[in-house]
Every structure is written in C-alpha cells, then in structure tokens.
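Please look through the structure shown here with its aromatic rings, its ring-facing charges and one of its helices in mind. The paragraphs that follow take these topics in turn.

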Amino acid sequence: MRTLRPTLIGAALLGAALLGAVVTAAPARAQEETEPSVNWSFSGLFGTFDRAAAQRGFQIYNQVCSNCHSLRQAYYRDLIGIGLSAQQVKDLAASKRFPALTEDGQPTDRPGLPSDHFRDPFPNELAARAANGGGLPPDLSVIVKAREGGPDYVYGILTGFIDAPAGFKLMPGLNYNKYFPGHQIAMPQPLRDATVTYIDGTSNALDQEARDVVTFLTYIANPELEERHRMGVKVVLFLLFLTGLSYAVKRKLWANVHH
Amino acid sequence: MVGLFHSDIKNPVLRWIDTRLPILTMVQKEYGVFPTPKNFNYFWAFGGLAMVTLLIMIATGVVLAMAYTPNTTMAFDSVERIMRDVNYGWLLRYAHENGASMFFIVVYVHMFRGLYYGSYKNPRELLWILGVAIFLVMMATAFMGYVLPWGQMSFWAATVITNLFSAIPVVGEPIVQWLWGGFSVGNPTLNRFFSLHYLLPFVLFALVFLHVAALHITGSNNPLGIEPKGPQDTLPFHPYYTVKDSVAICVYFIVFALLVFFFPNYLGHADNYIPANPLLTPPHIVPDWYFLPYYAILRAVPSKLGGVALMFGAVLILFVVPWLDTSKVRSAKFRPIYRVFFWVLVISCVVLGVVGSQQPVGIWVPLGQVATAYYFFHFLLLMPVLGKLERTLPLPESISHAVLGGGPLPNGVAAKPMEKA
Ligand code: HEM
C-alpha cells in the first residue's frame with residue numbers, strides 16, 4: 001500500500017498531462033466571432049432528434065437549400081428515421097426525376113425510388129458555379145461534421161447575415177456574414193422570417209427555421225446517432241458492472257499478498 | 001534438440017498435441033506460472049492494453065477493408081457508405097479511428113513508464129529497442145491510415161509529410177516521386193498506402209511477439225527497479241496479474257467506449273469530412289494529435305533539412321537511451337534529481353504537442369524552440385552526465401524487504417510465493 005500514493009500522484013500527473021495535450025490540441029479557430037451556442041435536442045449523452053423539428057428542417061431543405069446544395073450521401077429512405085411513413089417517402093422520391101436510359105439506349109428520365117440518393121441540383125460543378133456567381137455550394141451531407149463548431153456554426157451562418165459594417169469592401173456578388181471566415185460568402189441569405197410556412201403552425205421566425213434545418217442536417221450527417229447513444233449507455237453501464245466485479249475479484253485474490 | 005517432448009499434461013488429446021508441439025506447456029510456462037514481481041503498480045498494465053488495442057485495430061480494420069475502396073474518386077464516398085450502409089459500420093469505423101488515438105495514449109504512457117522506472121537498462125536494452133521499432137512502425141501505420149478516407153487533411157497531411165523527404169540533398173526529389181508513384185499525391189499513392197496500411201499491422205504483430213519473447217527472457221522490471229531475489233518476491237502471472245490486468249482493461253474500455261459512442265469526432269479534424277481537393281489548400285494543415293509534438297520539433301528550426309533531421313532524430317534517439325543513461329540505478333524512485341527532470345521532460349513533450357497544434361507565429365515559436373532544446377538536452381546531456389554525478393538513495397535489499405519495511409529477512413527462509421512474504 002505504501003507504494004500506492006506516489007503511483008497515484010504519478011498516474012494523475014501523467015493523465016492530466018496527456019489529457020491537457022489532447023484537449024489543447026484542437027487547433028485554434030480562425031474565426032473572429034464565436035458562433036452562438038444553441039441548446040440542441042441531440043446533444044448530451046442521452047440526446048435524440050426532435051422528430052418534428054427534423055421534419056420541418058427537411059421541408060426547408062426541400063423547398064430552399066436543395067435548389068443549390070446536394071445531399072449526395074443521403075437516401076430518401078433515410079427520411080423514415082425522422083418519422084416519415086414509408087408511403088410518404090415513396091411518394092416524395094417518385095416526385096423527383098432521375099436520368100435513365102430507354103430500352104434502346106436513349107437518354108430519358110424516371111421517377112425516383114426510396115433507395116435513391118438525394119438528387120443533385122446541378123449536373124456538374126461547372127453548372128453549379130455558373131449558377132452561383134462562381135461560388136460552389138458544398139454538399140451538405142456531412143456539413144455539420146466538416147466545420148469546427150458543427151451545428152452551432154451552421155446555425156451561425158444561417159442567422160449571421162447582416163449589413164457589411166461601414167468601410168468594409170464587399171466584393172461584387174458576395175454577401176456579408178458575421179460567422180463566415182473572412183465574412184464574404186457567395187451564398188445569398190437563404191432564410192429570413194417567414195421564408196417557409198409550416199403546416200403544423202410552428203413559428204416561422206428565422207431563429208426557428210435555422211434550428212429546424214440544422215437539426216435535419218445533423219440527422220443526415222449522423223443517422224446512427226440515437227442508436228449510438230443508446231448502445232453507448234448500455235455498453236458503459238455493463239463495463240462499469242464488469243469493472244466492479246473484476247475489482248472485487250482482484251481484491252479478494254490479492255488480500256493475502258503484501259505488495 | 002530433436003525428439004518428442006515429455007509433456008505433463010493429463011488430457012490425452014492435449015497431451016498428444018503437446019508431445020509433438022509443446023505450445024501448451026509454453027503457454028503454461030510463459031503466462032501461467034511465469035514468475036512476476038509482486039509489486040507492480042497499474043502502469044504495468046499498459047503493455048497488455050496496447051496488445052488488446054492492436055487486436056482491436058486488426059479486427060476492425062480487416063472488416064473495414066471489406067467495404068473500403070482505395071481509389072481517389074471513391075474512397076471518401078466508400079467511407080461514408082461504411083458509416084451509413086454497412087451493418088454497424090459506424091461502430092467499426094469510429095472504433096478504428098478512435099482506436100488509433102487510444103493506441104497512442106496507451107503506448108505513450110507505456111514508454112514514459114519505461115523511462116521513469118529505467119526499464120531500458122541492462123539487461124532489457126533489446127526489449128526497449130524492439131519497443132521503439134514498434135513505435136516507428138505504428139507511426140507509419142497511423143499516418144497511412146489517416147490518408148485512406150481521402151478527406152482534405154488526409155490529402156494535405158500526406159503531401160506535407162511525404163514532401164519532407166525532398167529536404168534530403170540530391171536524392172530528395174526522386175525519393176518523393178518514388179513514394180508518390182507520380183508527380184503529386186494521387187491515386188497510386190493512395191493504393192500503395194492502403195496496401196502498406198494493411199501490411200504493417202502484421203509486421204507490428206510480429207514485432208510485438210519478439211518484444212514479449214525478449215521480456216520473458218529478462219523478466220519484468222518493477223517499480224523498485226531491483227531484480228527479484230527469489231520466489232518470495234514474485235507471484236505466478238496467472239491468476240494474480242491476469243486478474244489485475246482485467247481490471248485495467250475494463251477501465252480502459254470505459255474510456256474507449258465514451259469516446260466511440262459519445263464523442264467519436266472529438267479527436268479528429270473537421271476538415272477531414274471535406275473531400276480531398278488538390279486545388280484548395282486548407283488554411284491550417286495539422287496532423288493527428290499524436291504527431292503534434294514531432295510536428296512542433298519539425299518547425300522549431302527555420303531550415304527544412306534541419307527540421308526533418310531533428311524530427312527523425314527525436315525518435316531515433318530513443319534507440320540509444322540504454323547507453324545514454326549512465327546511472328546504474330533503474331527506478332527514478334531512488335534518483336531524486338532525475339525524477340524531477342523526468343517530469344520536466346513530460347511537460348516539455350506536452351508543450352510541444354500544444355505548440356504543434358498552433359500556427360507558428362508569436363510566442364509559439366520560441367516556446368517550441370525551448371521545448372525542443374530541452375528534449376534533446378534531456379537525452380544527450382542530462383542522462384549521461386546526471387547518471388555519473390547523482391547521489392542516489394539507498395536501494396532496498398529485496399522487493400519483499402521493501403514491502404515489509406522491516407529488518408532483513410532471516411537467511412535461508414525463502415517464503416513460497418503465495419505466503420505472506
Ligand atoms: C497498428 C494498427 C493500426 C493503426 C494505428 C491504424 C490507424 C488508422 C487510422 C488513423 C485510420 C484513419 C481513420 C479515419 O480517419 O477514418 C485508419 C483507417 C483505416 N484502416 Fe487502420 N490502423 C491500424 C490497423 C489496421 C488494419 C490491421 C487494417 C486492415 C487490415 C486497417 C484498415 C484500415 C482501413 C480500411 C481504413 C480506412 C477506413 C476509415 O477511414 O475508417 N487498419 N487506420
């Protein structure tokens with residue numbers, strides 16, 4: 001037992017040192033303004049997606065963002081995960097047209113299926129840039145994982161459009177955004193108060209719209225999140241039990257050894 | 001020695017095997033009754049944890065490879081496919097990705113443990129050297145693995161790191177092109193990195209086998225750094241340390257699980273979720289956290305060749321530590337001055353890690369230089385000189401003796417391992 005104290009101190013020091021290294025290793029953010037910190041339904045150990053918010057978010061994506069942004073990694077069937085029925089998903093997919101070939105090899109199009117990936121708004125990058133004044137709307141499938149700050153950052157972008165401060169030289173075709181690095185973004189402000197009308201009567205203020213679409217995009221980036229959280233809780237509880245058990249066995253076994 | 005083995009095993013089938021190939025007796029000898037110092041603390045569990053992690057990496061990696069596509073136009077999407085369409089693919093991938101981080105945490109603790117308790121000293125030099133070789137191969141494996149998802153950081157880290165070789169005079173450029181298989185990081189690079197990333201873990205496995213074989217010749221060191229004097233100082237590995245290591249593994253898995261299930265992307269870099277784009281350099285290229293100290297050393301001097309030499313030197317220097325440290329006393333417990341400098345080394349490594357994560361401007365530059373200087377000072381000057389000058393504390397007569405803290409044991413009364421020593 002007498003060897004335990006220095007060991008514990010050593011372990012604590014080393015642990016703290018390593019942890020410190022890991023924590024501070026997150027690279028410095030280049031942004032001048034830190035994005036707002038939103039209280040999301042999906043954060044925390046027990047977080048789940050607010051289904052209604054995610055569905056409203058899909059409505060926004062479908063009506064607004066999908067004009068410019070693809071969601072290439074996602075399938076229409078993923079919408080079942082936020083509470084749409086199989087029939088709704090089928091109808092929705094069928095309302096989109098996909099390029100196909102006729103039996104004699106002529107180009108044509110066909111209705112979409114639930115197993116199709118979300119359709120790209122543009123046939124290629126050149127077309128996307130041409131339609132956006134040279135800017136390229138990025139694919140949004142994993143956008144909340146692809147930016148430091150994640151959902152908070154995307155929420156910040158959507159709510160961060162303001163008039164450029166006096167003296168700021170905005171390049172033609174670009175817009176001022178508080179949270180975008182460098183502040184000049186090629187995306188015109190996509191959401192304002194009442195851009196969409198919700199059938200469930202929820203407020204369509206900008207703040208609500210932004211929260212909803214970010215909830216949807218977070219679901220699309222992490223469709224496994226709820227299963228992961230559920231499984232994680234079970235695994236950790238089981239391991240805690242196992243730790244207790246093995247520690248008890250160890251204590252018993254070592255009880256007669258002086259070490 | 002040709003001839004059948006005289007096995008003590010009773011079961012006829014097992015005996016039949018053991019007579020022809022005595023692996024069962026070997027396992028019993030090396031992992032059953034193997035005499036192990038009885039005074040280990042939990043730092044001695046980290047070798048086992050590293051072994052467990054290697055097995056997890058190989059198991060998850062082999063299954064990931066079944067769904068991964070090593071082609072620049074498909075790699076990123078194939079990783080997303082693993083996350084979304086493969087059954088429990090997200091679990092495999094997050095376990096593999098965070099497993100790499102856990103691996104380095106465990107191995108770094110394991111190495112600092114060795115440095116603190118002088119485990120590299122005679123007769124364990126070769127054991128230590130094999131460990132450093134494992135560390136080198138691990139770094140190569142992790143670097144190439146990081147390239148596979150073909151995100152922005154994959155591509156640009158590969159570009160920056162392979163370009164380091166161009167600092168070598170005359171042959172530098174040809175070497176870099178040979179590594180790339182072309183004139184820039186591209187599809188041939190990705191293909192060979194995947195091939196090597198699959199191969200090297202098995203090389204690691206072989207090295208680990210040799211590492212453990214060497215350990216079983218010399219026996220383990222222990223927190224006192226003195227050799228066991230007899231059976232009263234040791235315990236059979238099983239059940240004492242199999243059970244104690246199980247406790248450590250459970251705790252380790254809890255930390256691992258918290259990362260995988262709740263913070264799977266915490267240690268990663270957001271930019272790696274952006275598909276690789278050779279035309280768009282990210283504003284801030286950084287390697288994975290476990291390479292940051294080396295990245296800081298690389299940038300500590302204004303010359304490219306100098307930085308590369310220092311960085312490789314920082315790892316290679318570990319090979320000769322057994323000869324740099326001139327002290328006859330192993331454990332830092334009995335080296336009051338070395339003990340303090342040990343912690344200075346730990347702190348300077350942490351500082352280097354932080355510096356590596358920052359842009360090389362302002363205070364970070366001199367800070368990185370001071371920490372780098374200390375790192376080399378510690379090994380090249382302090383270790384040889386302090387070993388000669390330091391007045392060490394008196395060593396206990398034996399492990400049991402130190403534990404009991406009483407007078408010397410009566411001569412010839414050797415306790416059996418299970419008795420109270
Ligand atoms: C020493 C053990 C190993 C280490 C340290 C290691 C490290 C890594 C790292 C850091 C990544 C990038 C993770 C990411 O960003 O997704 C990776 C990916 C990968 N590794 Fe390993 N690995 C090891 C063993 C293996 C083995 C044995 C295999 C297969 C036989 C394997 C197959 C793969 C595959 C297919 C990927 C790409 C998929 C992905 O990105 O998730 N790895 N590895």
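In this predicted model, B:Lys244 lies over the face of A:Trp254, at 5.2 Å from the ring centre, where a charge counts as sitting over a ring if NZ of Lys or CZ of Arg is within 6 Å of the ring centre and within 35 degrees of the ring normal. Another such arrangement is found at B:Tyr338, whose ring has the charged end of B:Arg335 over it, 4.3 Å from its centre. Because the model is predicted, local features need pLDDT of at least 70 and side-chain atom pairs count only at pLDDT 80 or more, while totals for chains, interfaces and linings use all residues. Residues are numbered from 1 along each chain as its sequence is written, chains are lettered from A and ligands numbered from 1 in the order in which they are written, and side-chain values use heavy atoms, with hydrogens and water left out.

A:Trp254 also belongs to an aromatic cluster, whose members include B:Tyr31, B:Phe40, B:Trp44 and B:Trp343. Over all chains, a search of the whole structure finds 46 aromatic pairs, a pair being rings of Phe, Tyr and Trp (its six-membered ring) with centres within 6.5 Å, called stacked if the planes are under 30 degrees apart, edge-to-face if over 60 and tilted for the rest. One of them joins A:Phe49 and A:Tyr219, and this pair is edge-to-face because the ring planes stand at 90°, with the centres 5.4 Å apart. The two residues are 170 residues apart, A:Phe49 in the loop between α1 (4-24) and α2 (51-63) of chain A and A:Tyr219 in helix α6 (residues 206-221) of chain A; helices here are DSSP runs (H or I, at least four residues), numbered from the N terminus. A:Phe49 is buried at a relative accessible area of 5%, and A:Tyr219 is buried with 5%, buried meaning under 20% relative accessible area, with a 1.4 Å probe and protein chains only.

The rings of A:Phe58 and A:Phe216 form a tilted pair, since their planes are at 55° and their centres 5.5 Å apart. As A:Phe58 lies in helix α2 and A:Phe216 in helix α6 of chain A, the pair ties together parts 158 residues apart in sequence. A:Phe58 is buried, at 7%, and A:Phe216 counts as buried at 0%.

In chain B, nine of the 12 residues of helix α7 are buried, so this helix is largely enclosed by the rest of the structure. Among these buried residues are B:Phe155, B:Trp156 and B:Thr162.

Technical notes:
Buried < 20%, exposed > 50% of the residue type's maximum accessible area, 1.4 Å probe, protein only.
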